Structures are given as C-alpha cells and as structure tokens.
Amino acid sequence: MKIIDSHFHWWPRSIFEPLLKREGYPKAVVNARGGYTYQGANGRRGTVASWKEWFDLDEELGYMDSLGHDISVVCSIGPLSVYFSELSVEEGRDAALAWNEEMAWAQRRYPGRVWASAAVPLVDTRVAIDVLDDAVNRLGLMGVNLPGSVGKEGMIDDERLEPFYSRVEELGLPMFLHPTDAVFADLLQGYNDALHLSLGRVMEVSAAASRLILSGMMERHPGLRIVMSHTGGALPYQSGRMDKNSGTAGLPKPVSHYLHRMFTDTVSPHSAGMKFAIEYFGADNVMYGTDYPCWDPAVCLKLLEEIEMTPAVKQKIFHDNAVRILGLKMPAAAAA
C-alpha cells in the first residue's frame with residue numbers, strides 16, 4: 001500500500017539565518033541538539049526547540065524508506081508558524097516568501113513524493129492575501145498553515161481576517177491548524193515543559209478550532225477545509241459539552257456540526273485515542289500523520305495495527321483521504 005504522511009515537518013536552515021542575527025525578539029539561538037531554539041516576541045515563554053533531524057530532507061525521506069513502505073509526505077510548519085506573525089509586516093512578509101520558496105523547491109525536487117504548504121503572516125490582512133496568492137499561483141504550494149494564535153496580541157477569529165478566510169475558501173485550500181506554544185506556556189510552566197508539551201498544545205489547537213466555530217467563521221464559509229492536528233485535540237472528547245454551550249454563541253447549529261466538517265490526523269501516542277478520532281470524525285475525515293520528526297512513524301504504524309480496520313478503511317486513512325482532502329495532484333506513476 002502506498003502511504004501519505006499528512007503531518008510531516010522539514011525546516012530549511014536558511015530560514016533561521018536571519019533569526020540568528022536578530023538582536024531583539026523574536027530570535028533564535030543554536031542549541032546543543034544540532035538545531036535551534038526559537039524565542040518568541042517580547043521574550044515570551046513558549047520557546048520552540050528543534051534538533052538536527054528537522055533539517056535534512058534527504059535523511060528524513062531515507063528514514064521513511066527504512067520503514068518498508070512507499071511513503072510520501074506533506075510538509076507543514078508546526079509550532080514555528082507563529083513566527084511569521086510575530087515580526088513587523090514587512091519582515092513577516094519577506095520571511096514567509098523565503099519559506100514558501102524553499103517549500104516550492106522541495107516540491108520540484110521530489111514531485112509526487114513531497115507536497116508542501118505555505119507560510120502566511122497574519123498581522124496585516126492584505127499582505128496575508130498577497131502572500132497566499134503568490135504561494136499558490138506562482139509557487140504551486142498545496143495548502144496554507146494556520147497558527148493556533150497570532151502571538152499573544154491577536155486571535156485567528158479576528159473580524160479583520162474575514163477576507164483572508166474568504167480567499168482561502170475561494171482557492172479551495174486546506175488549512176493546517178497547529179498550536180504555536182505562544183498561549184499556554186505561562187499557565188503550564190514547570191516540569192521541564194512536560195506539562196505544557198503534554199497539555200498546552202492540545203489546549204491551544206482545541207481553543208483555536210473552537211474560535212473558528214463560535215465566531216461563525218465556519219458557518220459563513222462552508223467551503224473552509226480545516227485540518228486539526230493531534231487527532232483534534234480535546235474537542236472530540238468534549239463535543240457534548242461544546243454543544244451544551246453553543247447556544248450562547250448564537251450559532252444556528254451545534255458545535256459538533258462544524259467539528260464534523262473538520263479533518264484530523266493520527267498523531268496520538270495512544271491507539272484508543274486514534275480509534276476514537278476515527279469513530280468521531282469518520283473514516284473519511286482522518287488521515288495518517290506522524291508529526292515526524294517529533295514522533296516516530298514506526299510507533300505510529302504499530303499503534304494503528306492495534307486498531308481493527310477493514311482494508312477499505314485502511315486505504316482511506318493511509319492514502320486516499322489525503323489525496324481528496326488536501327487536493328494533492330498525483331503524477332501518473334505515483335497514482336498507479
């Protein structure tokens with residue numbers, strides 16, 4: 001079976017060079033693990049640390065080959081997606097353009113094996129739309145990254161972003177919603193960040209998706225394709241509670257109606273969590289994803305083997321759903 005990993009990260013080292021030279025925040029420093037530690041705007045808590053496996057695409061794909069499967073990947077940014085919105089308008093635009101050029105290079109180098117999504121700075125709506133159009137129309141990127149927050153100073157459901165979501169809907173692009181570490185790090189500090197890494201990211205992606213629903217964004221834009229990371233965070237487990245309180249937001253339908261229009265991946269180190277995500281969102285709305293190099297694909301594959309699935313369901317989750325949901329253009333040889 002051909003497999004598509006819908007939650008895969010490759011970061012170009014060139015993106016960090018300007019960050020290493022910055023005197024103020026945000027900035028980055030080289031760390032002892034062969035990567036970088038990103039320090040957000042105003043020196044806030046919630047740093048993003050990487051290691052050497054994030055930066056060599058050839059080696060990453062080589063590891064995929066070692067698993068004994070034919071695996072293609074979809075690159076998204078992950079927690080660093082907030083970076084482009086923590087800079088000034090001009091710097092954020094230029095940084096996003098640089099990121100998108102690197103992603104387009106990866107797609108050209110590995111056609112049909114690597115697809116990549118765009119960075120977009122969200123502090124200025126017009127600039128966000130311009131960068132988005134360039135990424136899709138000139139560079140041919142297949143989706144857009146949506147940070148769980150616009151730093152600490154903005155929300156992804158701000159009214160000013162309505163034209164941006166309208167344009168994403170018009171272009172028919174999937175949006176990869178991922179936590180940023182910019183919101184809950186203060187609340188969940190301590191224990192060498194174990195509490196924040198375990199719960200903070202789950203809370204952020206859950207709150208971000210809820211904002212898109214409760215603000216009416218999903219109602220006004222029924223064509224939006226939101227891909228929630230990490231099996232949907234806490235929302236599948238709290239769906240009834242969300243429905244109980246949805247009336248206070250003035251929504252015409254329960255929150256769960258909109259949740260079931262979203263998509264998710266299999267990033268949960270717990271087979272019961274994976275199984276529940278498939279049951280809640282439906283076998284047509286869940287895609288195989290590993291969060292590599294944050295998580296080991298070998299473990300993900302082993303946990304999925306513990307779940308009883310028909311061959312037809314496996315085909316959907318491991319391959320077909322990604323092609324359909326993400327609108328992947330398959331070369332003839334890859335589609336065979």
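**Note on the sheet and its helices**

1. Strand β7 (residues 143-147) and strand β8 (residues 174-178) run parallel and are joined by four bridges. Two strands are taken as paired if DSSP finds at least two bridges between them; strands (E, at least two residues) and helices (H or I, at least four) are DSSP runs numbered from the N terminus. Within this pair, Asn 145 has Phe 176 of β8 as its bridge partner, and Leu 146 has Leu 177.

2. The model is predicted: local features need pLDDT of at least 70, side-chain atom pairs count only at pLDDT 80 or more, and totals for chains, interfaces and linings use all residues. Residues are numbered from 1 along each chain as its sequence is written, and side-chain values use heavy atoms, with hydrogens and water left out.

3. On its other pairing, β8 is joined to strand β9 (residues 225-228) by four bridges, again in the parallel sense. Here Leu 177 is partnered by Met 228 of β9.

4. Is β8 covered on one face or on both faces? Both are covered: Pro 174, Phe 176 and His 178 are buried on one side, and Met 175 and Leu 177 on the other. Five of the five residues of β8 are thus buried (under 20% relative accessible area, with a 1.4 Å probe and protein chains only).

5. These strands belong to an open sheet of eight, ordered β1-β5-β6-β7-β8-β9-β10-β11, with parallel pairing. Its edges are β1 (2-8) and β11 (286-287), each of which pairs on one side only.

6. Helix α2 (residues 57-66) lies across β1, β5 (70-75) and β6 (114-118), at about 135° to β1. Helix α3 (residues 89-109) packs on the sheet, touching β5 and β6, and its direction makes about 165° with that of β6. Axes are lines fitted to C-alpha atoms, for helices over the stretch in contact, and angles run from 0 to 180 degrees between N-to-C directions.

7. Helix α4 (residues 125-138) and helix α5 (residues 162-171) have axes that come within 9 Å and cross at roughly 15°. The two are therefore roughly parallel to each other (an angle under 35 degrees).

8. In the contact of α4 with α5 (heavy atoms within 4.5 Å), α4 residues including Ile 129, Leu 132 and Val 136 meet α5 residues including Phe 164, Val 168 and Leu 171. The contact residues divide into eight nonpolar, two polar and two charged (Ala, Val, Leu, Ile, Met, Phe, Trp, Tyr, Cys and Pro count as nonpolar, Asp, Glu, Lys and Arg as charged, and the others, Gly among them, as polar).

Notes. Parallel < 35°, antiparallel > 145°, perpendicular 65-115°, else oblique. Buried < 20%, exposed > 50% of the residue type's maximum accessible area, 1.4 Å probe, protein only.
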